[in-house]
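Welcome to this short tour! Open your viewer, keep the selection tool at hand, and follow along stop by stop.

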Amino acid sequence: MNAHYACAGERETNNRGNHMKKTIATLMLIGALSISGPAFAAASCFGTISQVKTEDDGAVLIYSSWRTAYTQVCNLKDNWKGIDPQTCWGWFAHSSTALTENLAVRVYYAALASGDCPTLDTGSLSPAPTYIILH
């Protein structure tokens, strides 16, 4: 009989230990996610476009107030970083309209952190936007 009670007691102690380990692991995961969460927020770059440049290979670049350098947004001839030429023609029209009408734009980058707008890579090294909105 005593052996039975000893096993039950050990089992109860093991269950408490496993529960405690799971609780600690869950708390650590929540802590890690709360610390790293903002680093993965998307970049929503807002401002004006002072120049729209098209190159002979079809590349469309904008000179924006948030970057003050040329960043490529797409290519009118070929797929560029997942952006097809049809979408690029729309973005080219938006960018040109923003320039000629002096309208603000928002260029959204899902894969970047929220503070990355002033330090975007330039030229063909630029990341591909997710969308462009006229304001």
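Start by selecting Pro129, which counts as buried because its relative accessibility is 4%, below the 20% limit for that label. Please keep in mind throughout that this is a predicted model.

**Around Pro129**

Where does Pro129 sit? You will find Pro129 in the loop that links strand S5 (105-109) to strand S6 (131-134). Now show what surrounds it. Apart from neighbours within four places in sequence, Pro129 is in contact with Val73, Trp80, Ile83, Trp91, Val107, Tyr108 and Tyr109.

**On to Val107**

From Pro129, step across to one of its contacts, Val107. Setting aside neighbours within four places in sequence, Val107 is in contact with Ala43, Ser44, Cys45, Ile62, Trp66, Pro129, Tyr131 and Ile132.

**Into the core**

Which residues touch the most other members of the largest nonpolar core? Select Cys45, Trp66, Cys74, Val107 and Tyr109: within this core of 20 residues, these five hold that place. Then colour the elements that give two or more residues to the core, namely strand S1 (43-47), strand S3 (59-64), S4, helix H2 (85-101) and S5. As a general rule, nonpolar side chains in soluble globular proteins tend to be buried together.

**A stop in strand S4**

Now select Thr71, which belongs to strand S4 (residues 70-75). Is Thr71 buried or exposed? Thr71 counts as buried, because its relative accessibility is 0%. Beyond neighbours within four places in sequence, the contacts of Thr71 are Val60, Leu61, Ile62, Leu120, Asp121, Thr122, Gly123 and Ser126. Draw a line from Thr71 to Leu120: 49 residues separate them in sequence, and 7.5 Å separates their C-alpha atoms.

**Zoom out**

Finally, switch to the cartoon view of the whole protein. There are two helices and six strands to find, and from the N terminus on they follow the order α-β-β-β-β-α-β-β. Of the 135 residues, 27% are buried. One last thing to picture is how the chain meets itself: among contacts between residues at least 6 apart in sequence, 57% join residues at least 24 apart.

Key: Residues numbered from 1 in each chain as written. Predicted model: local features only at pLDDT ≥ 70, side-chain atom pairs only at ≥ 80, totals over all residues. Heavy atoms only, no water. Helix = DSSP H or I, 4+ residues; strand = E, 2+ residues; numbered from the N terminus. Buried < 20%, exposed > 50% of the residue type's maximum accessible area, 1.4 Å probe, protein only. Contact = heavy atoms within 4.5 Å. Core = buried A, V, L, I, M, F, W, Y, C linked by side-chain atoms within 4.5 Å.
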